[in-house]
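Please examine the sequence and the three-dimensional structure shown below. The paragraphs that follow lead through selected features.

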Amino acid sequence: MQPSNKTRLWILGASHLAMLAIGLLLARPHFSSTENSAENKQGASNSSTTAAATSSSQKGVSRQGSTFKPSTSWHGGEYARAWKALPHAKLSTPDRIRIQRELLEKWAETDLVGAIDAALAEAWDNDDGEYFDSSGQLLSALSKALAKDPGRSWDMIRDRQFGVATGMLRHEWIRAVGQTDPIFLASKMGEFSWRDADDVSNALFMDVDPGSESAKALYAAIAKLPPEVVSAEMLLDAAKRTGIEVDLQGIQQEVLSLVGKDDRMAKVRATQWGWQLGSLPASEIEAQVAALPEAIRSEVVWAAFDSMRKPENTLGLASLLASEGAWDKLESRDTVRQLQILASTGEDSARAVADWATDLPVRKETTELFHRSVDNYLRNNMDGAREWLATLPEGTWRDRAYAEYSQQALNAHNNPEASRWALDQIGDTTFKSEAESWRSQWEKRTGWQAQ
Amino acid sequence: MTSRHVILLVASHLAVLGLAYQLSQASHAAGESDANSPNAPTKVSDRSSSSAMLAGDGQALLASFIEAHGPPPDSGLPLYDELKKTLPVASDPEAAALAAILALSKRQLPDKLDPHESERLEAEASVRILHWLRASGDPGKVLDQLATYPETKTLGLLSSLSWTAFKDMASEQGILKASSWLEKSPDTRRTFMLVALEEMKEGGGLSLIKQLESEIKGSAMAGWLPLFSMWNKEDKGERSYYLSVGKTVSFGERQALLDMAMGNENEHIRNQLLLGFSRSGKQAADWLLQQEGLDPKLIELVKTVGNDIASKDTSLAYDQRIDAFLEVNAGVKQPDRQALMNDMVREDLNGFLSNGRDWRYEFRHGVATLDEVLAAAREGMPKMPPAAEEAFTVGLYRELVEEDPRKALPLLDSLPEDRRRDALFNSTWQSMVNIAPDDYLSFFSSLPEPETPAEKDLRTKGWNWKARGFLMRYGDDYVEWVKQMPEGIDKNTAMNSLIWATREQNPAEARKLNDQLYPPKADATK
């Protein structure tokens, strides 16, 4: 029997209402509650927004079929709601921060961006802190999640997804990934600003087990990067920190073959070679490096000088540097320091260093070195040195030696007469006025008046 | 029905279904936006599950979370404590312990490792070693054996176990029995001190102290114990063993302690015990100073410590505390009592805000009003004379301005206008360290136009003072942020500060940055 029009309309209306109800039901949020908390059950049963007959299915059955699981199966929405309720929970500050951190850590596992946003909406500073901190109280709770998918979280950071706050996340990211995946961190070295360079290099080696397979893999990953990103110095540092064994078999040939093909590696290997030569006399070192091109030769010599163990080799090596024309190395603090150490070992050494200095070529890079090389001898031999000074050939070094004598007389011995004697010996008038000005500075400082 | 009718029917039903679904979803998602934070960017995150109508649900969820994540255990090692309760003892505890150690040492570090794995392995190894210790009946032998494994050294096991398995074993045995094996290794000295102090604090008293002393007499332990110290959380300082021991002694046993100390030939131990005792309270310190025959050095120390404690004692009047402070810091020639009082008021205020209710957080989120915080702070602070009022008001303003500059501003209304301006302008550099740069920028709309030279200087001082910190924290992201600041004096100052702060670290990069921020004009006079 055909239904009447009225009946038809009723059926149509009812079926459309049913569609409405089903639609609302499908969009209901899925949530879960613990078995224990009565409050939760109550909360769950209030949560349905549908007008339709869904009360029978309000027992927290999520759409995925899990029932009554504790917060371990929450999704972003649950964490967000719990987070928003915190200001009303009247916790103490340390407890509140602890709970926030725990929420964030779990939240980040299912919804990293949501967790980051929530953390950044709070205060960024550490109210209680006395020391500078790089990311406040909360962000470090996200480090495990950041490290879990380093590629994805790196994209967020590289794209400045969080504006100025990205910087704080970057600190955490570097630290976290340095721990769990230093090779990935190394692969990104070229993408960091120079401002982050120290952070990165510390994080790379924080957890490394020197000499292990993973350390070797890390070194290999770093060595793959181009010289613009990883300099020879950085590579040397990496080799040390990863405990890479330095094999010097056939090193001369190796360095020769590297020059012009891989200059960075040539410098690295040359330096590592030089470090091993520190106990040899200069003549032997000279012999070993004779076959090398000049530029790389001075790298070996410098490394040897730097790692030198025996003071008796110091002067020989320093001379070698001079003959190599490695002026910037000679000018450096390390060189000065080594020579001063040598001079302080005894009267003979002091004299030897002073003698050696007079053979240096006169250049702007060697001037300071000259002064520092003679000062010990002059200071401790005010009388005997007068003869020595007289034996020096006329010229720059002789004048400077007299000037240094004057300085030592004044500053170490408070002896203006000796200073006057020395200053009067200076030949070059221009330099003499410079030396005189050093003395008048002393006179001003001490308030000394001419009698 | 025709097929056209069928199609229409199906379509209309589906349309209703779809519409209802969409509308319902949208209303759930809308509830997610955080009304409390003006800065939160639009969420691209999980939208499928919340609604503004479910506020009560949030509190319930939070309550269940808090219950599941109770307060941290004393050892600070939740995994270890949990496993201690749940891990069943193996039939051969020694073998199981060794296996656990090997598993821990074999863990491969980078490349897809679950970060929790390391911690879990370490916790398991610690618990299994505890089982082994208990089963063996001779912890000393276990310690010897552990020392023979190469893994022990590479993992630094003895050191980490000193907080966990060794500590628990020693506690279970009691320090008197445990001291014999605790002296075997430098790593277990820490355990000795921890457990000994614990038992003393629980009421061991002088008798325990004396027994322990005679127990270790002549041993290696007795040799280095006087020199041993550990970090103390409460005091925030390194505390030596005997100092800590002295502190556990109750006032009632003071005479017995004094007798014992004076009977000890070792001057250092004697003084440390008594000094520690003086730290247990004012009563103890006062009594001690009345005793005869004390080392003059000790007397000085006790007085200094006493004054130091008094200067921080919020139950005393500020004037008294300043007097005590000046006793200790006698070198100060022209003491500025007002400045000292201001410092103390600020410290007390910070203590109040950090140790009690979470006022700053609640103020930030609009749960506590300014009046509520002010009233609570007044009540929570020690009694303040009129001279302390300004420091209090300004101090509180400085704390709250970091949370909400606009809502905090009325606090300063109680000050005369020149003091109010002084507080505002000085807040630019003394307050708001490390807060979000956007929040810092918005603070400047509370600032009146500077009038005096001092105010003009302070107007820009803040940006300069924060330059290094912002650069360290945010790196190049701060540079980008500055570039996008609205034009004006703040931007000019910030840009300039970027250059000099960068130059401090790297002059070459500073030059590059300078060219970026201030591009050389095309028609250069070259």
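A:Arg160 is found in the loop between helix 7 (150–158) and helix 8 (166–180) of chain A; helices (H or I, at least four residues) and strands (E, at least two) are DSSP runs, numbered from the N terminus. This is a predicted model, in which local features need pLDDT of at least 70 and side-chain atom pairs count only at pLDDT 80 or more, whereas totals for chains, interfaces and linings use all residues. Residues are numbered from 1 along each chain as its sequence is written, chains are lettered from A and ligands numbered from 1 in the order in which they are written, and side-chain values use heavy atoms, with hydrogens and water left out.

Most residues other than glycine have a negative phi. A:Arg160 is not a glycine, yet its phi is positive, at about 50 degrees. Its relative accessibility is 26%, so A:Arg160 counts as partly exposed; buried means under 20% relative accessible area, exposed over 50%, and partly exposed in between (1.4 Å probe, protein chains only). A:Asn414 is likewise not a glycine and has a positive phi, of about 55 degrees. This residue lies in the loop between helix 23 (396–413) and helix 24 (416–423) of chain A. Because its relative accessible area is 56%, A:Asn414 is exposed.

Is A:Ala282 buried or exposed? Its relative accessibility is 13%, and A:Ala282 therefore counts as buried. A:Ala282 belongs to helix 15 (residues 282–289) of chain A. Neighbours within four places in sequence aside, A:Ala282 is in contact with A:Gly316, A:Leu317 and A:Leu320, where contact means heavy atoms within 4.5 Å. A:Ala343 is 61 residues from A:Ala282 along the chain, and their C-alpha atoms are separated by 18 Å.

The next topic is the packing of two helices. Two packed helices are described by the angle between their axes and the distance between the axes. Helix 12 (residues 232–241) and helix 14 (residues 263–276), both of chain A, pack at an angle of about 55 degrees, with their axes 9 Å apart. Axes are lines fitted to C-alpha atoms, for helices over the stretch in contact, and angles run from 0 to 180 degrees between N-to-C directions. Helix 12 of chain A and helix 14 of chain A are therefore oblique to each other; angles under 35 degrees count as roughly parallel, over 145 as roughly antiparallel, 65 to 115 as roughly perpendicular and the rest as oblique. Among the residues that make the contact are A:Leu235 and A:Leu236 of helix 12 of chain A, and A:Val268 and A:Trp275 of helix 14 of chain A.

Nonpolar cores come next. Such a core is a set of buried Ala, Val, Leu, Ile, Met, Phe, Trp, Tyr and Cys residues joined through side-chain atoms within 4.5 Å. In the largest nonpolar core there are 187 residues, and A:Leu103 and B:Tyr478 are those with the most contacts inside it. Residues up to four places away in sequence not counted, A:Leu103 touches A:Trp74, A:Tyr79, A:Ala82, A:Trp83, A:Leu86, B:Leu62 and B:Phe65. Another core, of 64 residues, lies apart from it and includes B:Leu161 and B:Trp224.

Chain A has 25 helices and zero strands, and 49% of its 451 residues count as buried. Chain B has 29 helices and two strands, and 46% of its 526 residues count as buried.
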